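Subject: Structure handover and notes

Hello,

Here is the structure I said I would pass on. My notes follow below it.

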Amino acid sequence: MNSGTVLEAFQGAGTVRVHKSDHGAVLLERLDPATELVELVRSGRDDEATHILANTIGLMANHEPPPGCPTLFDWVRGFDRYLSEHSGGPISLQLVREAESVYRNLALSQRQTMLLHGDLHHYNVLFDSTRGWISIDPKGVVGELEYELGAIIRNPVELPDFYISRAVVERRLMQLTEALGLDYDRALRWTFAQAVLSAIWEVEDGVTVTSDHPSLCLAELTRMLL
């Protein structure tokens, strides 16, 4: 789905504003200095970054999706494609089947669904001197708010030794779910399923994925916490 259409549906609540969107071309407001949120994590301020992400999610919550917006049921097809096209590695089929089962059960038991960013993380939130921290580049998907936390937990991608840590995962999830009034267990399960799905998408994009890929390491960690 066109990012301009998704951004218009958010109406500027926690997102960059759209000046004009036409046939796939989007004119956005200028953010200055447009510092990435990842800078805070790089400087040892992950708690502060997580607080900002929680605030951003809160601002973006409870918006109606535009017509034709995909849902989490559409994204589950990634598991199906992988299982139909692979008889073995690079990702364990047992892990894929387990993640698919967790994903489907969560999707079927969602309560309140809404328009989600779909890829909210530390590189997609920028600072503007006038508006504060603003999200950019939404994928746009309909689902429950707990899903939105998954991409945060597996980022920043440049610091896998930092975020693939039980202490960091649990601290971040606790901070986010408490700030937003979300279900910790569901958020943890979404984090596990999404980590596997993220690795599948990497394979589909032609990336070499091995057993020590960060998404798979995070999947194994969160799998033990379920």
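In these notes, buried means under 20% relative accessible area, exposed means over 50%, and partly exposed is in between, with a 1.4 Å probe and protein chains only. Helices (H or I, at least four residues) and strands (E, at least two) are DSSP runs, numbered from the N terminus. The model is predicted, with local features needing pLDDT of at least 70 and side-chain atom pairs counting only at pLDDT 80 or more, while totals for chains, interfaces and linings use all residues. Residues are numbered from 1 along each chain as its sequence is written, and side-chain values use heavy atoms, with hydrogens and water left out.

Helix H10

H10 covers residues 184-204. Of its 21 residues, 16 are buried, so the helix is mostly covered. From first C-alpha to last H10 reaches 30 Å, close to the 30 Å expected at 1.5 Å a residue (the expected span is 1.5 Å times one less than the number of residues). At its start, a side-chain oxygen of Asp-183 comes to within 3.0 Å of the backbone nitrogen of Asp-185. Just after the helix, Gly-206 has a positive phi of about 90°.

Pocket and cavity

Both were found on a 1 Å grid over the protein atoms alone: a cavity is a set of points where a 1.4 Å probe fits but cannot get out, a pocket is an open set with protein on both sides within 12 Å along at least five of seven lines, and lining residues have an atom within 4 Å of a point. Grid points are joined across faces, edges and corners, and a volume is the space filled by probe spheres set on the points.

The largest pocket has a volume of about 340 Å³. H10 and helix H11 (214-225) are the elements that give two or more residues to its lining, and H10 gives the most, with four. The lining has 16 residues, and Asp-119, Arg-154, Val-157, Ser-198 and Glu-202 lie nearest the pocket centre. By class, the lining is five nonpolar, five polar and six charged (Ala, Val, Leu, Ile, Met, Phe, Trp, Tyr, Cys and Pro count as nonpolar, Asp, Glu, Lys and Arg as charged, and the others, Gly among them, as polar).

There is one cavity of 30 Å³ or more. The largest cavity holds about 40 Å³ of space. H10 again gives the largest share of the lining, three residues. Among the residues lining this cavity are Trp-75, Lys-139, Tyr-147 and Trp-201.

Two buried residues

Ser-135 lies in strand E6 (residues 132-135) and is buried, at 1% relative accessible area. A polar atom of its side chain is 2.8 Å from the backbone oxygen of Gly-14. Beyond its neighbours within four places in sequence, Ser-135 is in contact (heavy atoms within 4.5 Å) with residues including Thr-56, His-117 and Asn-124.

Cys-69, in the loop between helix H3 (46-60) and helix H4 (72-75), is buried at 11%. Its C-alpha is 6.1 Å from that of Val-141, 72 residues apart along the chain.

Backbone points to check by eye

The peptide bond from Asp-32 to Pro-33 is cis, with omega near 10°. Another cis bond joins Asn-155 and Pro-156, with omega about 0°. Gln-11 is not a glycine but has a positive phi of about 55°, and is exposed at 66% relative accessibility. Asn-62 has a positive phi near 70° and is exposed at 55%.

Regards

Definitions and conventions:
Polar contact = N/O pair within 3.5 Å; in protein donor to acceptor, adjacent residues only side chain to side chain.
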